[in-house]
Amino acid sequence: MIAGLIGMGLLANAMPAFAAVKLNVDRSGTLTGATGVVIGKNTYNVDFFDNSCTVVFGTCSASKFDFKTDVTARDAASALLNQVYTTANVKTYSRVLGCEAGICDSYIPYQLFAGDPSYALAIVAAYRGTDRKFVGAGPAYPEINTSTTADSSVNYVRFTMQTVAAVPEPATWAMMLVGFGMVGAASRSRRRSTATTFA
């Protein structure tokens, strides 16, 4: 029994963390965002916007961006490609908000361009083709006040970290179950010995 419980804990640890991604698709079949996107040890809600950086983030400044370095923004782009823009999801939505059917460049800004702060530095999560052939993540320099509505293949992405109540790790659950089992066994053993004494 104990080996089985430990095995269950190990299996839970081995399961892919992004199995719970849920796509948000409107009535027209347009993908507007997703929930449950895992980046590192955090889980995010994702929303797509077809507007300027200034409008999307309230003010287009590094303090408002979801990620602060090209490395973390690239991780976010990779998560977007691998968990949301997947071949498995191709029949779930007809297009992505702000993009045409077969092409999408999603901006994930992380800082302003040092040479000219009217431009942002962003990583792009991109795919091409109706079969969602992914071309990966690369750099971009969007003008902060220019709306993406002028380009039918570009949108912005906002990542909002999900705040959830603390949930015990699978190993903790296994230890709790073992503990409950031992308490139950001890209780049953005590009942038997008490019954034998009175008999």
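Is Cys 99 buried or exposed? Cys 99 is buried, with a relative accessible area of 0%; here buried means under 20% relative accessible area, exposed means over 50%, and partly exposed lies in between, using a 1.4 Å probe and protein chains only.

## Before you start

This is a predicted model, in which local features need pLDDT of at least 70 and side-chain atom pairs count only at pLDDT 80 or more, while totals for chains, interfaces and linings use all residues. Residues are numbered from 1 along each chain as its sequence is written, and side-chain values use heavy atoms, with hydrogens and water left out.

## The chain at a glance

Let us begin with the overall layout. The chain has four helices and eight strands, and from the N terminus on its elements run α-β-β-β-α-α-β-β-β-β-β-α. Helices (H or I, at least four residues) and strands (E, at least two) are DSSP runs, numbered from the N terminus.

Of the 199 residues in the chain, 34% are buried. The chain exposes about 11400 Å², and carbon and sulfur atoms supply 61% of that area; accessible areas come from the Shrake-Rupley method with a 1.4 Å probe, and for residues only the protein chains shown count as cover. Among contacts in the chain with a separation of 6 or more, 63% are between residues 24 or more positions apart, where contact means heavy atoms within 4.5 Å.

## Helix α3 and the cores

Helix α3 covers residues 70–84. At 1.5 Å a residue its 15 residues should span 21 Å, and its end C-alpha atoms are 20 Å apart, which agrees; the expected span is 1.5 Å times one less than the number of residues. Several α3 residues are buried, including Ala 73, Ala 76, Leu 80 and Val 84.

The largest nonpolar core has 29 residues, and those with the most contacts inside it are Phe 48, Val 84, Tyr 85, Val 96 and Phe 159. Helix α3 gives the most to this core, with seven residues, and β2 (30–39), β3, β5 (103–112), β6 (120–128) and β8 (154–161) are among the elements that each supply at least two. Apart from this core lies another, of 14 residues, among them Val 56, Phe 65, Ala 120 and Ile 144. A nonpolar core is a set of buried Ala, Val, Leu, Ile, Met, Phe, Trp, Tyr and Cys residues joined through side-chain atoms within 4.5 Å. Not counting residues up to four places away in sequence, Phe 159 touches Ile 39, Tyr 44, Asn 45, Val 46, Asp 66, Phe 67, Ala 76 and Ile 108.

## Two disulfides

A disulfide is a covalent bond between the sulfur atoms of two cysteines. The structure holds two of them, each identified as a pair of cysteine sulfur atoms within 2.5 Å. With bonded cysteines counted along the chain, the pattern is 1-2, 3-4.

Cys 53 is buried at 0% relative accessible area, and Cys 60 is buried at 6%. The other links Cys 99 and Cys 104, whose sulfur atoms are 2.1 Å apart; with 50° about the S-S bond, this link is right-handed. Cys 104 counts as buried at 0% relative accessibility.

Where is Ser 52 found? Ser 52 sits in the loop between β3 (42–49) and α2 (53–56), and it is buried, with a relative accessible area of 5%. Leaving aside neighbours within four places in sequence, Ser 52 is in contact with Ile 144, Asn 145, Thr 146, Ser 147, Thr 148 and Tyr 156.

## Aromatic rings

The structure holds nine aromatic pairs. Rings of Phe, Tyr and Trp (its six-membered ring) pair if their centres lie within 6.5 Å; planes under 30 degrees apart count as stacked, over 60 as edge-to-face and the rest as tilted. The rings of Tyr 44 and Phe 67 have centres 5.6 Å apart and planes at 50°, so the pair is tilted. This pair links distant parts of the chain, with Tyr 44 in strand β3 and Phe 67 in the loop between α2 and α3, 23 residues apart. Tyr 44 is buried at 8% relative accessibility, as is Phe 67 at 6%.

Phe 113 and Tyr 141 form an edge-to-face pair, 5.6 Å centre to centre with 70° between the planes. Phe 113 is partly exposed at 34% relative accessible area, and Tyr 141 is partly exposed at 48%. Finally, Phe 57, Phe 65, Tyr 107 and Tyr 156 form one aromatic cluster.
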